[in-house]
Each structure stands twice: as C-alpha cells, then as structure tokens.
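Reader: I want to learn how to read a structure like this one, feature by feature. Where do we begin?

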Amino acid sequence: MAKFQTPLLDELESGPWPSFVADIKQEAEYRKENPNKLDFQIPADCLEDLLGQLELSYKEKETHWKHGGIVGVFGYGGGVIGRYSDQPEEFPGIAAFHTMRVAQPSGKYYDTKFLRKLCDIWDLRGSGLTNMHGSTGDIVLLGTQTQQLEEIFWQLTHEMENDLGGSGSNLRTPSACLGMSRCEYACYNTQAMCYQLTMDYQDELHRPAFPYKFKFKFDGCPNGCVAAMARSDFAVVGTWKDDIKIDQEKVKAYVGQEIKPNAGAHAGRDWGPFDIVAEVIDRCPSNCMKWDGKKLSIDTANCVRCMHCINTMPQALHIGDERGATILVGAKAPVVDGAQMGSVLVPFISCEEPYDEIKELIEKIWDWWMEEGKNRERLGETMKRLSFQKLLDATEVPAQACQVKDPRSNPFIFFKESEVPGGWSHDLAAYRKRHQR
Ligand code: SF4
Ligand code: SF4
C-alpha cells in the first residue's frame, strides 16, 4: 500500500514513453520488499516521500525544494547540488535529498564493470535513481542524505578513480563527442582535448571563482553532436581549411541510385529517387555547389562547412586535410537574457597537444570575464553588455570578417574613433553624402 495517493503523477505513467514516476515507484517497491538485501541507507520511505512531495508540487504548481543550503564534500566547492524540502515534517525522508554530479568519461564510453560499481555505490548509499546524462553531460545521481556524501565521494575517487563534476559558479564538467574513436568526420581528437583540459583546470572545476557557470564543449565537426556552439561558453568545433574531397565516380554512383544517400540512414525517408540538385545543390546554404550532370564542383571560399553535402553523400565527399577548429564563445540557455548561439572568436586554430594556444585564449577570456562580469552573468551576457570589441581587445584576437554576427544589420564589431580616418564627423558626413541624407 503506497504511503501517498498520487493521481496527478499517475497520469505521467500513461503514454508510450518510459516514465520516471514508474521508476521511482518500482525502486520504492523493491526497497520495501528487500529491506536487508543491500543494507539500503536510503530506505523505501524516502522514495515514497519523494512521490508525495512531487504530487504536492503538481497540485500546487510550485516546487517544494527550497533555495539555499550549501552542501558538499571537503575541499570541493561544487559537484553536489543541495536539495532540501520545505515540507520536512510531512516528508521527513527527503528533508535533505541531494543530487550529485559525477564526471562522465570522455565520449561517454563505459564498460559494464564501471556501471555495476557505480550502481552498487548508488544502491547502497543513494536513492538508486540516476539520470544518464544531465544536460551538461554528467552522470547525475539523484537523491541522497548529507551523511552519505563523503562516503560516496571516497568510493568514487578511491575505488573507481572517478571524480565529481562541476556545479555552481565554476567550470562545468567538460564534454566531448566521441570524435576520432569512431567518427570519420572528426577534425581533431575531441576526447584527448577534453581530457587534457579537464585535468589542467581541476581548480576551476572544483572551486567556484567565476561570476557564473562556464562550459567547455568539444565537437569534432560542425555536425555538433554535443551541441557545443549552442550550449557552451567556449565551444571548440572541428573544421578544415582546404577543399572538401570529392570522389566524382562515387558522386555519379549516388546520382545513378547505386549508393543510398545519408548512408541509408533516413528512417521513413520517402522522397523518391535521389535527386542531387534538390537534395544537395539547392540545399547548400551558401549556394557554392555546382552539378553539370557529370561533375560536382564546390567553391571552397564560400563553403561555410555546414556538413550537409557530406552527410548526404558520405562516400563521395569528405572533410579536407588541413584540420583544426573554430572557437565560438558566449552560447547559453536563458538566464539573465534569452538563449544565445556562440559567436565566432577564432575562425581557425590548431588543435595539437598540449593545446597551448587554446589554453592561452581560455585564460585571457577568464581574466577579462572575472574582472568585468557581474554576478550570475554568463560570458555571452558580459560580451553583449560590453561589446564583442572589448572581448577582442582582451583576447588580442584581431577583428575579422567572419566574426560579423549578422551582416548588413548588426556588425557586432565597433570601431574606435582613432580607427576611423578623419574621425566620427568625417565618417558621418561621408555616410550622409553616400546615402544623400
Ligand atoms: Fe562525428 Fe562530428 Fe558528431 Fe563528433 S560532432 S561525433 S566528429 S559527426
Ligand atoms: Fe555547401 Fe555545406 Fe557542402 Fe559547404 S558543406 S559545400 S556550405 S552544403
């Protein structure tokens, strides 16, 4: 017999999708039926209280996790997100029910030994509920009590050689696509860079000293499997400088229907026979491709490396050989201001170990942001408030055409008066004359 009636939560069990409500109920049931099996430190009562509080939140349309309360492990300022109930008398089992963030392996490769060990620790000392993975990429362990934190941390670090991830105003757990380990499009070794920068910036990861959170993400190519350019303050996105490699015979094989487009992977694709003009040439965002019926050509200077043609005809087209990455900065989901995509800061940077050039850039950005950023202001917001030009000054990156955010309407780059021949008044007069105002 359940401790609380949960008619609203029960609704979430209907429908075709797996339900977290069903998971919580299942875990509570299991713990109730096997109280001594694992010597559970978080008994079934806690999970029933969790369901009870959640039901109340749905009913009252407000959260019952209260703000405030700093909790963590010794020496770390992040990695544990304190969760305290504002109804502890009614739901004593979750009076404290913290979330722990655990660093995911680069590219999210696991072996079963790792997963079993992690689950054993969490079954014993936590609620058994996990989120694989959180939006930053971490393994998220949902719900444990304060006295378990140090024990879990010790087991994670000593028995699993793993670590907590980032939370609060620090460097968040860096995340990378699986890159060269499996993907032919990887323009640099994302996993190596992610690992190296994680190790180099341990202090920034565990000891919050920033105005707000800061995320690194590493995508091996513009396909963006970890969405670096949409979701990280500092995105490293693989790219190439030279021509896309074209195998003309294979192009003809696609046109002749001998090879399936999109590696045959478009589930439910029913567009009739492959039409290179409609599906590739006309969809090129910079209109830089030509097909004369026999030969495909690409005007490299105008290609924006969107990956569409390569994804559609992967056997015929391939990324170039001069590989590196583009650095974009300032992406974020809404906090103070609305959602924002990253802006190009460095169009092309080498990605060779030990990544000195990239680290130098990161540290210049941090110095500037820590000096100028307001409390709870993401880099993208500081950048918008003070101008991109200020960031260029701070990082000593020269202004370039490819940093222009929105050509013709918002140049996003500002000139100093000293940079305009003849000063502002001369410039304005020339502008008015040109436009006859
Ligand atoms: Fe491959 Fe590019 Fe995705 Fe990385 S981002 S896994 S390189 S397609
Ligand atoms: Fe056009 Fe994109 Fe292909 Fe470049 S990568 S040629 S922009 S479709």
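Reader: Over how many bridges do β5 and β6 pair, and in which sense?

Author: First, the general idea. Strands of a sheet pair through backbone hydrogen bonds, either parallel or antiparallel. Keep in mind that this is a predicted model. Here β5 and β6 pair over 4 bridges, in the antiparallel sense. Within that pairing, T130 stands opposite L141 of β6.

Reader: What lies between the strands of the hairpin of β5 and β6?

Author: There are 6 residues between them, and G137 takes a positive phi near 115°. H133 is also in the loop between β5 and β6. A cis peptide bond joins M132 and H133, with omega about 5°.

Reader: In what order do the strands of that open sheet of 4 come?

Author: The order is β2-β4-β6-β5, with antiparallel pairing. The edges are β2 (80-81) and β5 (129-132), and each pairs on one side only. Helix α5 (residues 149-159) packs on this sheet and touches β2, β4 and β6. The direction of α5 makes about 15° with that of β4.

Reader: How do β4 and β6 pair?

Author: They run in the antiparallel sense over 5 bridges. M100 stands opposite L141 in β6.

Reader: Why is β6 described as largely enclosed?

Author: Count the buried residues. In β6, 5 of the 6 are buried, so the strand is largely enclosed by the rest of the structure.

Reader: Which strands form the open sheet of 5, and what is the pairing?

Author: The order is β7-β8-β9-β14-β15, and the pairing is mixed. β7 (175-176) and β15 (343-349) stand at the edges with a single partner strand each, so one side of each has no neighbour in the sheet. Helix α6 (residues 190-200) packs on this sheet and touches β7, β8 and β9. Its direction makes about 165° with that of β8. Another helix, α12 (residues 356-372), lies across β8, β9, β14 and β15, at about 155° to β15.

Reader: How do β8 and β9 run, and how many bridges join them?

Author: They run parallel, joined by 4 bridges. The partner of D219 in β9 is V237.

Reader: Which residues are around ligand 1?

Author: D219 turns up again here. The residues are C177, L178, C183, Y185, A186, D219, G220, C221, N223, G224 and C225. Sorted by class, this shell has 7 nonpolar, 3 polar and 1 charged residues.

Reader: Next, cores. Which residues have the most contacts inside the largest nonpolar core?

Author: The general idea comes first. In soluble globular proteins, nonpolar side chains tend to be buried together. In this model the largest nonpolar core has 37 residues, and F214, F216, F234, V329 and L345 have the most contacts inside it. The elements giving two or more residues to this core are α6, β8, β9, β14, β15, α12, α13 and α14. The largest share, 7 residues, comes from α12. A second, separate core has 27 residues, including C187, I259, I276 and W291.

Reader: What is L345 in contact with, beyond its neighbours within four places in sequence?

Author: Its contacts include I327, L328, V329, L361, I365, F388 and L391.

Reader: Which residues of helix α13 are buried?

Author: In α13 (residues 379-386) they are L379, G380, E381, T382 and M383. Their cover includes β14, β15, α12 and α14. After α13 comes S387, with a positive phi near 95°.

How values were computed:
Residues numbered from 1 in each chain as written. Chains lettered and ligands numbered in written order. Predicted model: local features only at pLDDT ≥ 70, side-chain atom pairs only at ≥ 80, totals over all residues. Heavy atoms only, no water. Pairing = 2+ DSSP bridges. Contact = heavy atoms within 4.5 Å. Axes fitted to C-alpha atoms, helices over the stretch in contact; angles between N-to-C directions. Buried < 20%, exposed > 50% of the residue type's maximum accessible area, 1.4 Å probe, protein only. Near = heavy atom within 4 Å. Nonpolar A, V, L, I, M, F, W, Y, C, P; charged D, E, K, R; others polar. Core = buried A, V, L, I, M, F, W, Y, C linked by side-chain atoms within 4.5 Å.
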